[in-house]
Every structure is written in structure tokens, then in C-alpha cells.
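Here is a friendly walk through a complex, to be read with the model open beside you. Take a look at it, and then let's go through it part by part.

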Amino acid sequence: MDSEKEDIGKNRIHLRPVTLLNVTPVTLHLLPCEVRVNRPAPVARFFTPAIRQGPDGLEVSFRGRSLRGEEVEVPPGLVGYVMVTEEKGEVSIGKQDFSEGSHSDEPEQELVEPPEALERDFDRFISASASFSRFTLWGLETIPGPDAKVRAALTWPSLAAAIHAQVPED
Amino acid sequence: MAGRGDGGDGAGARQHVFLLPECLKDASKKMTSGLMFVKLVRPCSGEGALYLFNMCLPQLFEIKVFKEKHHSWFINQSVQSGGLLHFATPMDPLFLLLHYLIKADKEGKFQPLDQVVVDDMFPNCILLLKLPELEKLLRHVTEEKEIGKKKYYKYSKEKTLKWLGKKVNQTVAALKTNNINVGARVQSAAFFPGHQISSDKEEDYIRYAHGLISDYISKELSDDLSKYLKLPEPSASLPNPPSKKVKLSDEPVEAREDYTKFNTKDLKTEKKNSKMTAAQKALAKVDKTGMKSIDSFFGAKNKKKVGKI
Amino acid sequence: MDFRELERDNMGRCRLNSPVPAVCRKEPCVLGVDEAGRGPVLGPMVYAICYCPLSRLADLEALKVADSKTLSESERDRLFAKMEEDGDFVGWALDVLSPNLISTSMLGRVKYNLNSLSHDTAVGLVQHALDQGVKVVQVFVDTVGLPETYQERLQQRFPSIEVTVKAKADALYPVVSAASICAKVARDQAVKNWQFVEKLQDLDTNYGSGYPNDPKTKVWLRKHVEPVFGFPQFVRFSWRTAQSILEKEAESILWWVSQWCCEEGGGLGLSPAWEGCPPGRWSLSPLLTHREDLPTGDQEGLGRITSYFNESPRNCPHLPHRYFQERGLESATTL
């Protein structure tokens with residue numbers, strides 16, 4: 001991963017809360033190969049129209065190789081988001097109205113500090129650009145199936161909840 | 001990039017695929033700011049890791065990332081390398097506070113929390129002080145004194161082990177309800193839950209839960225917890241508990257490009273272990289028993305917990 | 001020839017056949033097998049069988065069928081129309097193997113080369129004729145690979161039939177000539193009416209012969225490279241011509257194949273590591289025995305193999321618990 005030195009320790013990456021609301025749905029495919037770039041790709045013209053429902057799941061090919069796929073649901077209690085980090089200095093939605101502050105129903109949960117103190121000049125910002133509740137998981141030639149690693153990973157939040165739940169007082 | 005009218009498909013921008021708890025979405029209805037990713041310490045290694053704060057609730061979240069070799073995303077009309085999937089899950093902040101309490105215990109005295117939770121490497125740790133019900137949490141792991149109106153805390157190993165024991169218990173219960181295979185078997189068996197559950201012993205569950213909890217505490221505390229739980233020494237063949245302080249970069253890791261060596265191995269055996277990389281396998285073979293003491297000579301003050309517990 | 005089914009879905013295999021002439025169910029028949037479009041980097045490969053009663057072989061010869069390669073397109077169309085007119089004693093069937101089927105077979109984890117694909121298709125068509133009740137007693141096959149081994153294989157598969165596999169059978173036996181005409185007419189029609197599954201903008205149909213050495217074909221290929229997806233499925237990705245264009249002009253892709261991965265496309269200069277391959281898998285396959293009429297030895301375009309161990313977790317000093325390792329989970333450190 002590209003670690004950006006400037007972020008280490010000091011900086012904060014602010015997630016714009018407003019972007020978590022009402023974000024557009026996104027189509028996601030998790031592919032069994034590494035494409036080594038981040039770039040636009042005409043998925044809807046080359047990939048999506050070639051997907052077929054076969055006897056044992058979805059079928060498609062990519063770069064002349066056969067893929068088998070299936071839909072994976074995001075576990076209950078979770079929401080999927082695609083997030084994009086903003087360029088430094090980029091002005092985006094949600095930054096303008098600090099004055100309003102946050103008005104929670106319970107007064108004791110109000111911020112101790114004004115939000116200005118949380119956001120500093122050198123901080124970065126990240127926004128959710130889209131949300132999802134399922135994605136298509138592809139395997140090379142075989143359907144990923146129940147023992148796909150990512151399926152196992154999806155069980156983490158429920159175990160995490162148990163590990164991090166407060167223990168009962170004596 | 002967001003808001004540039006290309007449907008968020010980012011020309012070359014790094015996009016992150018995240019799973020967030022629904023509560024964050026609900027919370028964001030009431031806030032215009034206060035969600036932030038910061039780097040804080042990982043108590044088990046002293047290294048930095050990413051956490052998410054919701055400053056409005058306030059609440060702490062841990063960020064795990066799913067990584068599998070040679071995967072990528074198609075995100076709408078774009079391709080994103082890496083195929084990473086990030087998880088934000090609520091985290092018990094006491095694990096982090098504990099890291100600082102143990103560090104501060106070198107002084108051997110009662111201290112106010114704002115003197116304890118300080119970190120040159122990760123100054124954002126002060127955000128932990130804004131979390132709710134800290135006093136209640138701290139009772140699990142400290143002795144406290146009140147002078148004037150100020151509270152002073154001192155780390156208590158005895159109370160901490162008791163608290164961790166409860167953590168292990170609730171984790172064991174969750175392992176059982178989630179049908180997680182905890183036996184010392186080939187790893188792939190873990191993905192067929194409900195299979196051999198009946199044969200998993202209570203001790204296996206406790207050891208497994210201990211291993212999971214050890215991901216949130218120092219090696220020393222993990223060892224103490226193991227004794228507290230009366231776990232027998234793990235046999236050498238087990239990959240866990242992993243040694244936390246082995247400095248990999250200086251270790252003679254099995255040559256990455258040495259295919260001749262690799263080719264002579266039985267491929268079937270290789271397949272079983274395919275979830276481990278060569279370096280991890282090499283590591284598993286390294287005798288780590290002598291390394292702890294050496295490590296403490298070099299431990300950077302901020303990174304290592306050298307305080308006597 | 002009714003291509004509607006092929007046009008509905010041309011990503012796999014499509015079988016078309018004439019009605020079986022009643023006489024072919026009663027009298028002993030001779031059956032010819034040939035193919036068209038084996039060499040091109042574009043479009044489907046078509047395998048065809050043609051059959052008639054031994055007693056009517058002279059009538060078939062009277063049509064003056066000849067090796068399809070010696071005939072012009074209009075002559076082939078005319079001859080095929082005549083065979084359709086003579087549907088009371090001539091029958092045919094064919095398999096259209098889509099370029100996608102060819103690519104995915106040849107680039108499969110378990111390699112399925114073009115020879116095996118061809119042989120299996122030929123066997124399938126002969127069996128199809130038998131299943132339809134055609135009384136096949138003799139089979140003539142134009143050779144693919146070594147005639148001896150192929151003949152032995154077919155003979156074993158159909159012990160009650162007299163099998164002859166021969167180079168240039170399409171010129172020697174009228175029933176094979178007729179099959180070659182069926183195959184070629186079908187291939188031409190399939191290419192001409194190809195329904196691209198992709199939604200392509202400004203598609204150019206001037207693809208030339210489709211043979212890798214045809215300059216028009218090369219220009220077409222270059223023009224239709226998409227950096228991420230490579231080519232439309234109309235292109236056989238497994239052809240070396242296609243692969244070498246991708247290597248230069250498309251993004252690099254690494255495939256996850258158990259411990260071994262295969263790199264293709266792009267020019268990132270990872271060192272190929274053939275030594276690292278387990279024997280028999282992902283290694284260079286022996287060259288195919290090509291038919292002399294193939295323009296180039298272009299059928300085995302392989303990606304490069306790189307080692308699984310391109311990265312080591314050196315900068316991760318803490319090994320997470322096995323729960324996390326098994327699930328590919330680790331603590332995030334950056335965004």
C-alpha cells in the first residue's frame with residue numbers, strides 16, 4: 001500500500017457525514033486478478049452485457065479467461081460505501097456549515113470542543129461517492145462458493161461485536 | 001473524484017470500498033462533521049493503525065482490511081487495483097487506554113488520565129479522552145483515587161486480567177454461536193462451519209479466544225493472560241500465538257526467488273499451507289524464544305512497552 | 001442455414017443441422033468431417049460433417065464439390081444451396097465454436113488446446129449423426145495433428161465404423177469436400193453477421209480475412225484494443241498475435257492460479273519465472289503440430305508466469321491471529 005508520509009500520526013482524514021446519506025447505488029465486481037491500475041474502464045460496454053446466468057451461477061469472460069460468479073450480500077447491520085479521498089484544497093459538499101454545529105437530541109452528547117478544532121488546515125477529506133448492499137464475486141473458472149475468503153471475512157463484524165462488547169460489572 | 005460529474009468513477013483516483021455499521025449512517029443524519037480516520041497505536045505491536053472516530057456519539061471504530069492476492073474491483077465504470085474491502089467495527093477503547101496505562105505505570109504512581117494518554121507518535125490519542133463513560137471503563141483495569149475533584153489512576157494487573165478473562169469468556173461464547181472452527185486443524189476446515197464443532201474442546205475455544213484478544217494487547221500481557229487462563233504452553237507446531245516482536249526486516253527470510261528449493265517440495269504440502277506466504281512460513285520455523293530480551297534493548301520508547309507489570 | 005440461435009448467444013458453442021434424409025437412416029452412409037476458421041485470430045471456428053448413402057456418392061460427386069479453399073465464396077454458396085436442394089440424400093451438421101470458447105479453453109487452468117478441442121468436436125458431431133439415426137459406416141476426416149494418432153483415437157471411439165484420417169482429405173473425398181463447404185459457408189456467414197456482445201462505439205467491420213498475417217486484420221486488432229478489457233470477445237485472446245498486442249497496448253493483469261500466477265499484457269517488466277512453475281501446469285506447452293495451410297504458428301499465445309511470492313510481508317512485524325490470516329484480514333494502516 002502507498003503510505004502517505006504526511007498522514008502518519010498527526011493527520012486526520014475527515015469523512016463527510018452528509019455523503020453517507022442518500023448516495024447513489026454502485027455496481028461492484030470483485031475479480032480474481034490484479035489489474036495494476038486505477039482508471040476508468042468501460043465495464044457497462046464490455047463486461048456487464050456478457051454476463052450470463054449459467055447452470056451453476058453467473059458466467060462471463062475477462063481477457064479471454066472464463067469467470068464464474070455469484071452475488072454476495074453485505075451482512076445485515078452494515079452498509080457498503082465507495083469512498084474517494086479528495087484532493088488537497090478541493091472544496092466539496094459538507095464543509096461549509098460548521099456554524100450549525102451538531103445538534104443531538106441528548107445534550108450530554110454534544111461535542112466538548114467546537115468542530116473547528118477537529119478539522120485543521122492540513123487534514124484531508126474523504127467522501128462516500130456511492131453505496132451498495134451486494135457485490136458480484138468472481139472466481140477464475142470456478143464459482144468462489146462458501147469457502148471464499150471474502151465470505152469468511154464478512155463474518156468479522158459479528159465476532160468483533162462480541163470481542164469489543166463491554167464486559168459485565170461484577 | 002467526488003462531485004466531478006463522472007458518476008464518482010474517478011479517473012485514476014484511489015477509491016476505497018468500505019463496510020460501515022448502519023449506526024454510522026444514522027448518526028450522520030445529525031452531524032455535519034466529526035467522523036474522522038486517525039492513526040493510533042496498535043497495542044499488540046506498537047505500530048500505528050487506522051481507527052475511525054465518531055466524535056458526536058462519541059465512538060471508536062477499528063478498521064480492518066480484507067486483502068487477497070491478485071484481486072481487483074470494478075467499481076461502476078472504473079477499475080480499482082488491490083481488491084481491498086475495509087471493515088469498520090466498534091472497538092472497545094479500553095484496549096488502547098490500557099496501552100497507555102501500562103506505559104505510564106513505569107512511574108509507579110497514580111496519575112490523571114490526561115497525563116497518561118499522551119503520545120508523540122500518535123498525538124490523536126487525546127481524542128480517546130472524549131469518549132463517554134471512561135471512568136466506568138477504567139474501573140476494570142485501574143485503581144483510582146480522587147483528590148479534590150480530580151481522578152487519579154494506576155494500572156492494576158490483577159483487575160486487568162480479570163477483565164480480560166471476561167473478554168475471553170464472551171469471545172468463546174461468540175465463537176460457539178458463530179460456529180467457528182477453533183481446533184488445530186488445516187486452515188481450510190475453518191470455512192466449513194458446523195462440521196466438526198462437537199469435537200472442539202473447551203480448551204481449544206479458550207486458546208483461540210485468547211489468541212484473538214492478544215491482537216489487542218501487548219505480548220507481555222498476552223503471556224500473563226495465558227497463565228491466568230491456565231492455558232498449557234502451545235505446542236511448537238501451532239502457528240499461534242504469533243510472536244509479536246520479531247523484527248522481520250532483519251530476519252533471514254527464505255529467499256523469495258529461490259525456486260529450486262521450492263520445486264523440490266511436495267506440492268500437496270505447499271497447497272495446504274498456501275494461506276501463508278513464504279516469509280510467514282519461514283517465520284514460523286524461526287525460533288523466537290530468544291528474541292524478546294534482545295528486542296527490549298532496541299525498543300523505541302514510544303513503541304515498546306518496557307514497563308514492569 | 002438458420003443462424004438465429006448463434007446470433008442470440010455467440011459466447012459458447014452452437015450446433016446447427018439439416019433434417020436427416022430418410023434414406024440415411026436406412027442405407028449405409030459415408031460421412032466426411034472438416035473444419036473452417038482454425039487459423040484466424042478473429043471469429044469462430046466451425047466444424048462440419050456431411051453425409052450421404054454410399055449408394056448416392058456418385059450423385060454427390062456430380063455436384064462437383066471440391067475443397068472449399070479452391071472455390072470462390074459465390075461458388076461455395078452455390079454448392080451449399082445445391083446440397084440443400086438435394087436434402088433428400090445429403091445431410092449435414094455443424095458446430096460453431098465461438099472465439100470466446102476457444103480463448104477460455106486454451107487459456108484455461110487445465111489447458112485444453114486447439115487440437116483436443118477440435119478432436120472432441122469432431123467426435124461429438126459423428127456421435128450426433130449416429131444419435132440422429134444416420135447409419136454411418138465410413139468416416140473420412142481431414143487431418144488435425146498427426147493422422148495416425150488421430151485415426152487411432154477415432155477408430156477406438158467408433159469401433160464399428162471404418163475411419164480414415166488423411167491430410168488433404170478435403171480434396172480427396174467428395175464427402176469431406178462437402179463438409180468443408182458447409183464449414184466454410186457457415187464460418188463466413190457467422191463472421192459477416194457477428195453480433196458483438198460488447199456495446200462498441202464506431203465499430204469497424206473491415207477486419208480482413210481474420211488471419212494474423214493479414215495487414216487489415218492487424219490494423220483492426222490495434223484499433224480495437226481496450227486497455228482494461230483487451231479486445232471484444234470476437235478476438236481469440238489465446239492467439240499470440242492478440243497477446244503481443246495486449247502486452248504492448250493494454251494494462252497488465254495478474255491472474256491468481258493457486259500458488260502460481262500468470263502475468264499478461266502490460267510492460268511492467270516482471271521477470272518471467274518459468275523455473276518456478278510446477279511441472280505440467282502453466283508451463284510452456286509443446287508446440288502444436290500445425291497443418292501446412294496455416295499461415296502462422298500462432299495458436300499458442302501464453303502469458304508469462306511470475307512467482308506467487310512477489311511480495312513478502314516484510315513490513316508487517318506482527319502476525320495476526322489465525323482467524324484473521326484465514327480471512328485475509330489485517331489492520332488497516334493507510335487510506
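## Ground rules

Helices (H or I, at least four residues) and strands (E, at least two) are DSSP runs, numbered from the N terminus. This is a predicted model, where local features need pLDDT of at least 70 and side-chain atom pairs count only at pLDDT 80 or more, while totals for chains, interfaces and linings use all residues. Residues are numbered from 1 along each chain as its sequence is written, and chains are lettered from A and ligands numbered from 1 in the order in which they are written.

## The annotated site in chain C

UniProt, in an unreviewed entry, places a "binding site" at D34(C), E35(C) and D142(C); its positions are given in the numbering used here, feature names are shortened, and annotations may be inferred rather than shown by experiment. These residues span 109 residues in sequence, yet no two of their C-alpha atoms are more than 8.1 Å apart, so they gather at one spot.

D34(C) belongs to strand β2 (residues 29-36) of chain C, and D142(C) to strand β5 (residues 136-142) of that chain. A residue is buried if 20 or more other C-beta atoms lie within 10 Å of its own, exposed if 12 or fewer, and partly exposed in between, with C-beta atoms placed from the backbone. D34(C) has 30 such atoms within 10 Å and is buried; D142(C), with 26, also counts as buried. Two residues are in contact if their C-beta atoms, placed from the backbone, lie within 7 Å. Setting aside residues up to four places away in sequence, D34(C) touches D142(C), D170(C) and V176(C), among others. The contacts of D142(C), with the same exclusion, include V33(C), A169(C) and D170(C).

## Cores

A nonpolar core is a set of buried Ala, Val, Leu, Ile, Met, Phe, Trp, Tyr and Cys residues joined through C-beta atoms within 7 Å. The largest has 121 residues, and Y51(B) and L101(B) have the most contacts inside it. Helix α2 (residues 94-104) of chain B supplies the largest share of this core, 9 residues. Apart from it lies another core, of 74 residues, including L94(C) and F231(C).

Beyond residues up to four places away in sequence, Y51(B) touches V38(B), L60(B) and M91(B), among others.

## Where chains A and B meet

The contact takes 80 residues from chain A and 77 residues from chain B. On the chain A side, helix α3 (residues 156-164) gives the most, with 9 residues.

Two strands pair if DSSP finds at least two bridges between them. Strand β2 (residues 28-31) of chain A and strand β5 (residues 72-75) of chain B pair in the antiparallel sense over 4 bridges, and L28(A) has I75(B) as its bridge partner. Both strands belong to an open sheet of 8 strands with mixed pairing.

## Confidence

The predictor gives the complex an ipTM of 0.83 and a pTM of 0.79. Chain C averages a pLDDT (the predictor's confidence in each residue, from 0 to 100) of 83, and 81% of the residues score at least 70. Over residues 267-316 of chain C, however, the pLDDT is below 50. Where pLDDT is low, the predicted coordinates should not be read in detail.
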